[in-house]
Amino acid sequence: MEKAKVYFTRNITPEAVVAMYRVLEKPLPGKVAVKVHSGEAGNQNYLRPDFMKPMVEAVNGVVVECNTAYDGERNSTEKHRKLLEDHLWTRYFPVDLLDAEGPDLVLPIPNGKVLRENRVGRNLANYDSLLVLSHFKGHPAGGYGGALKQLSIGCASSEGKALIHSGGLTGDQRIVWDHMAEQDVFCEAMADAAESVAAFFKGNAAYVSMMCNLSVDCDCCAVAEDPCMADIGILSSLDPVALDRACLDLIYQSTDPGRDHFLQRVESLHGAHTIEAAAALGCGVTDYELICID
């Protein structure tokens, strides 16, 4: 199978995000959903809207998010909308909370290893293209968070998130934490969900990941550990599997003193299993060519 192309720059600026998208030579047609992480209240590491502004404007996109399935300031439409305002997302962009109103959009996963369907915010159906802007970092449930997490957990509605976390047992966000799936099953459910969203956009998707503020905790954590590694750069690809694999490989290749601490989080939660499972589904490939843009 042909290697995927993954582009890399050490520059981490708003302008570099745009440059790393444009090097993909993939114009996104029609109405473009731009998936970001709005950042939980109290989190210090999430990427701010002013950093994303030139990129969102370059594709004339709409920032999209979904509600969470855990306690916090994003687990209801009312609270999440207030946070989007408090974090200044609505100052800069049109913002669409995809699952603000039901029913969910149900995406079939005929070849899923764990899930047979994925529940995403219904408004996703209003878009022709998807641009995923990921903050690559650690994660307390999945080991790491990158493009595949944005496609899966990120685009899932509250019920969809519960379905993924429980390995397909329940879509009830009120009881999901009593029905958490075994770790590899959870990783495979994330891969299933990610593939369904990528397939929904039929190739009209692009992925850019920022490797900065490298904490072992996600932007969904209200109390997050400070970054443990120095910033690395920005990567982009049309293949979310190759992109996540390349980001993780750069961590392994690093000589940063915080590398082992970061990798302990990834490895203890079998983070790479999500990448392997997504590749097995045909969501992308793990074999890639890293093309430096510096």
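User: What volume does the second largest pocket have?
Analyst: In this predicted model, the second largest pocket has a volume of about 260 Å³, where a pocket is an open set of points on a 1 Å grid over the protein atoms alone, with a 1.4 Å probe and protein on both sides within 12 Å along at least five of seven lines. The volume is the space filled by probe spheres set on the points, which are joined across faces, edges and corners.

User: Which residues lie nearest its centre?
Analyst: Ala-4, Lys-5, Ser-237, Leu-238 and Asp-239 lie nearest the centre of the second largest pocket, out of 14 lining residues, where lining means having an atom within 4 Å of a point. Strand β1 (residues 4–9) gives the most to that lining, with three residues; strands (E, at least two residues) and helices (H or I, at least four) are DSSP runs numbered from the N terminus.

User: And the largest pocket, which residues are closest to its centre?
Analyst: The largest pocket has a volume of about 310 Å³, and of its 22 lining residues the closest to the centre are Tyr-70, His-139, Ile-153, His-165 and Cys-220. Two or more lining residues come from each of α5 (147–154), α6 (158–165) and α7 (183–200), with α5 giving the largest share, four residues.

User: How many cavities of 30 Å³ or more are there?
Analyst: The structure holds one cavity of 30 Å³ or more, a cavity being a set of points where the 1.4 Å probe fits but cannot get out. The largest cavity has a volume of about 40 Å³, and its lining is made up of His-37, Tyr-46, Leu-47, Met-52, Leu-133, Ser-134, His-135 and Asp-219.

User: Which strand gives the most to that lining?
Analyst: Strand β7 (residues 129–135) does, with three residues in the lining of the largest cavity.

User: Switching topic, at what angle do α1 and α2 pack?
Analyst: Helix α1 (residues 14–22) and helix α2 (residues 49–58) pack at about 35°, with axes 7 Å apart; the axes are lines fitted to C-alpha atoms over the stretch in contact, and angles run from 0 to 180 degrees between N-to-C directions.

User: Which residues meet there?
Analyst: Pro-14, Val-17, Val-18, Tyr-21 and Arg-22 of α1 meet Asp-50, Phe-51, Pro-54, Met-55 and Ala-58 of α2, contact meaning heavy atoms within 4.5 Å.

User: What should I know about numbering and confidence?
Analyst: Residues are numbered from 1 along each chain as its sequence is written, and side-chain values use heavy atoms, leaving out hydrogens and water. Local features need pLDDT of at least 70 and side-chain atom pairs count only at pLDDT 80 or more, whereas totals for chains, interfaces and linings use all residues.
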